[in-house]
Amino acid sequence: AVLEAQSDASSLEPVYTRLLRLAQDPSERAAVLFRLGVLYDQRQDAERALAAWQSAHEAMPTFAPAIDALDDLCTRLGRFDVLTSLLRVDAERIVAPAHRAARYVRLAELYAGKLGDLQEAAAMCERALSLDRTRAAAFDLLDEILRASGDLDAVVSLYESSVETEPDPRMARVLRLELAMLHLAGNRPERAIEPLRDALGAEPDALATLWWLGKAQARSERWTELIETLEAQAGLLTEPSSQVTAWYRIAFVLETRVGDPLRSVAAYERVLSRAPDHQAAIEGLLRLRVVQSRWEDVVGLERRLAALAARPDDAAARLYRAGWVLEQQIGRADDAVRAYEAALAKSPGHVPSALALSRVLRHRGDGARLAASHEARAANASDPEIRADALVAAAAVYELRLGDHARALASYDKALSARPGHEAALWGKVRLDELTGDWKA
């Protein structure tokens, strides 16, 4: 902690290496390996940073800081084979269907655009659509892949499934018209009759033309023109969920293709005004606010994502990031401490938050609060090992920083009650008994 506070990079590597040899718990190993990776990345030693973060991910697959760091580094290095393997593992642990679908869409884009594996890209698109039929990017990419392969039956099946699940009547009409055109192109006019009749039953408007114009503009990479078309499409939609999907697509294209952060922010905010829990829109807005150094907004968005997280570990990771921004970018140590404490309340075993909280409180010399934070973590922990470790940490603060041997001894006793035979607690208790002359104990 002292070397980190002094930014003494030259001395940190042997310290981390020694800590790694001593660490047995997977979360502790992941935390140390993550820090090693940060050190190597700061030295511009990309291969060693990659190896360290991969080892951190292998030690603890749910360790979010390592996943984020690997994502960024693999993109910079063009190591998309490594990145896709990582994202596939990450996708399998995501519980929420919409969030898992978003991960599969990203995988599909990487397979198609970076690795040239169209078969795997199609499989990822199908997984995304099986979880969330509103994923327009997955639909468009799968449509393009299947048409390029000449698999007309598969294209027909894709459109038939989309017609059945499309909530907006006018968008359903567009899909039925295209389905009819596919049947006609495949010399199956009898199968075109039903979708054409269904399409005629809907009120005619310009949506069909706009749909095809948008597809042509996207394939031609005429992104500025595509935004105008997508905005016109959104204005014609009446179903709220379809409007949300349309405006999210506008925001994403503005961010990733047009490169217009101001309009992209406005579009993401429009999505969130209609669907406040739209995780992909919150994540998109978060990316932009980080680039703009809008740190107060970043903290608020991380907290919103924490509230939406299905897993306690994911919520803790988001709150940890909020705390890091509060500490490092804004300089509000009190608020950072509260964020780290909130992370540990969600997941008492979240090592990055525990280390960060200890670092801040040690730096401030607030031993009483440091001990209290360890006790709170112990109270929230259901795992006996985590509870015992937290109580030993509290006892060490009472003993070595506050000189309160009575409370230190009580904490060591509680640690031994939580996990009998805990070595650090036993030695701490023996040491205190010797100091107080309690030889019977």
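Modeller: With a relative accessibility of 43%, Ser-293 counts as partly exposed, because that value falls between the 20% below which a residue is called buried and the 50% above which it is called exposed. Please keep in mind throughout that this is a predicted model. Ser-293 sits in the loop that joins α17 (279–291) to α18 (295–308), and its backbone has a positive phi of about 60 degrees although the residue is not a glycine. As background, most residues other than glycine have a negative phi.

Glu-221, which is not a glycine, has a positive phi of about 60 degrees, and its place is the loop between α13 (207–219) and α14 (223–236). Glu-221 has a relative accessible area of 57% and is therefore classed as exposed, since the cut-off for that class is over 50%.

If residues up to four places away in sequence are left aside, His-278 touches Val-244, Tyr-248, Val-271 and Leu-272.

When contacts between residues at least 6 apart in sequence are considered, 48% of them join residues that are at least 24 apart.

Two packed helices are described by the angle between their axes and the distance between the axes. For α8 and α9, the axes come within 9 Å and cross at roughly 140 degrees, and the crossing is left-handed. On the α8 side the contact includes Leu-118, Cys-125 and Leu-129, while among the α9 residues that they and their neighbours meet are Phe-139, Leu-142 and Ile-145. Sorted by type, the residues of this contact are 11 nonpolar, no polar and 1 charged.

For a residue within a helix, consider Asp-72, which lies in α5 (residues 64–77) and, at 42% relative accessibility, counts as partly exposed. Its C-alpha atom is separated by 9.2 Å from that of Leu-83, which is 11 residues away along the chain.

Finally, there is the second largest pocket, with a volume of about 1,500 Å³. Its lining is made up of 42 residues, of which Leu-19, Glu-28, Leu-355, Asp-389 and Ala-393 are the closest to its centre. Among the helices that each supply at least two lining residues are α2 (9–22), α3 (26–42), α21 (351–364) and α23 (384–401), and the helix that gives the most is α23, with 9 residues. By type, this lining divides into 22 nonpolar, 8 polar and 12 charged residues.

Key: Residues are numbered from 1 along each chain as its sequence is written. This is a predicted model: local features need pLDDT of at least 70, side-chain atom pairs count only at pLDDT 80 or more; totals for chains, interfaces and linings use all residues. Side-chain values use heavy atoms; hydrogens and water are left out. On a 1 Å grid over the protein atoms alone, a cavity is a set of points where a 1.4 Å probe fits but cannot get out, and a pocket is an open set with protein on both sides within 12 Å along at least five of seven lines; lining residues have an atom within 4 Å of a point. Grid points are joined across faces, edges and corners, and a volume is the space filled by probe spheres set on the points. Helices (H or I, at least four residues) and strands (E, at least two) are DSSP runs, numbered from the N terminus. Ala, Val, Leu, Ile, Met, Phe, Trp, Tyr, Cys and Pro count as nonpolar, Asp, Glu, Lys and Arg as charged, and the others, Gly among them, as polar. Axes are lines fitted to C-alpha atoms, for helices over the stretch in contact, and angles run from 0 to 180 degrees between N-to-C directions. A crossing is left-handed if the near helix is turned anticlockwise from the far one by less than a right angle, and right-handed if clockwise. Contact means heavy atoms within 4.5 Å. Buried means under 20% relative accessible area, exposed over 50%, partly exposed in between (1.4 Å probe, protein chains only).
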